[in-house]
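Work through these exercises with the sequence and the 3D view side by side. Try each task before you read its solution.

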Amino acid sequence: MLCGSPWHLCDHVFFIIHMETESHWILGRLNIEERRVYMYNSLSTAMKDSAAIKACQPFAVLLPHFFALFDEFKKENKPVCLDPFEVVKVDGLPQQTSNDCGCFVASFAEYFIDMKSIPPIFDVEKHRDRLAVLFYKYARMKEVEFIDSEDEALPKGPKKNLS
């Protein structure tokens, strides 16, 4: 789906979470139908998992209120429920051995989008190199074809008052 699609048409929404106290990034995946936030943590220990679940809690609590506020439940004729979403830790993920959480987060999202299972053995060097090449190719394409991202484009003038 394209960015900006109505939430009630989405099955899953990805978001990254910075665990400031741990200096670590994790991936969150909201499953709207199941009312769950799945947590992908590449640095899993009992203490890190506890901190990661704690970092997911604000999303789990606030998102139902967000959906109710913007009538997302009514668009699908679902009852409004303000109970927090359940936070679920995804087990069996490859674990990082150095500061590579960004590469793990991007790769976990990519595996899910491609509907592939995340392999237990993860060659982080290969993934990091592949991501670097993809970002470079994307930047070159934008440069050659004179493409601006929305946040890079010049601001549009004020809207005209039609009254």
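**Exercise 1. How many bridges join β2 to β3, and in which sense do they run?**

Solution. Start with the ground rules. This is a predicted model, with residues numbered from 1 along each chain as its sequence is written; local features need pLDDT of at least 70, side-chain atom pairs count only at pLDDT 80 or more, and totals for chains, interfaces and linings use all residues. Side-chain values use heavy atoms, with hydrogens and water left out.

Step 1. Strands (E, at least two residues) and helices (H or I, at least four) are DSSP runs, numbered from the N terminus. Two strands pair if DSSP finds at least two bridges between them.

Step 2. Count. β2 and β3 are joined by 5 bridges and run antiparallel.

Step 3. Look at the turn. The hairpin of β2 and β3 has 4 residues between the strands. R35, in this turn, has a positive phi of about 55°. R35 is partly exposed because its relative accessibility is 21%; the class lies between buried (under 20% relative accessible area) and exposed (over 50%), with a 1.4 Å probe and protein chains only.

**Exercise 2. What is the order of the strands in the open sheet?**

Solution. Step 1. List the strands. The sheet has 4 strands in the order β1-β2-β3-β4, and its pairing is mixed.

Step 1. Find the edges. β1 and β4 (86–89) each pair on one side only.

Step 2. Check the other pairs. β1 and β2 are antiparallel, with 8 bridges. There F14 stands opposite R29 in β2. β3 and β4 are parallel over 4 bridges. There R36 faces E86 in β4.

Step 3. Find the other hairpin turn. β1 and β2 have 4 residues between them, and S23 takes a positive phi near 50°.

Step 4. Judge the cover. In β2, 7 of the 8 residues are buried.

**Exercise 3. Which strands does α1 lie across?**

Solution. Step 1. Trace the chain. The pattern along the sequence is β-β-β-α-α-β-α-α. That gives 4 helices and 4 strands.

Step 1. Helix α1 lies across β1, β2, β3 and β4, at about 135° to β1. Such angles run from 0 to 180 degrees between N-to-C directions, with axes fitted to C-alpha atoms, for helices over the stretch in contact.

**Exercise 4. Is I32 buried or exposed?**

Solution. Step 1. Locate I32. It lies in the loop between β2 and β3.

Step 1. Apply the cut-off. I32 counts as buried because its relative accessibility is 14%.

Step 2. Find its partners. Beyond four places in sequence, I32 contacts W7, C10, D11, V13 and F67. I32 and H12 are 20 residues apart in sequence, and their C-alpha atoms are 6.4 Å apart.

**Exercise 5. With which side chain does the side chain of H127 make a polar contact?**

Solution. Step 1. Locate H127. This residue is in helix α4 (residues 124–144).

Step 1. Check the cover. H127 is buried, with a relative accessible area of 6%.

Step 2. Name the partner. The side chain of H127 makes a polar contact with that of Y111, at 3.3 Å. A polar contact is a pair of N or O atoms within 3.5 Å; within protein, one must be able to donate a hydrogen and the other to accept it, and residues adjacent in sequence count only if both atoms are side-chain atoms.

Terms used:
Contact = heavy atoms within 4.5 Å.
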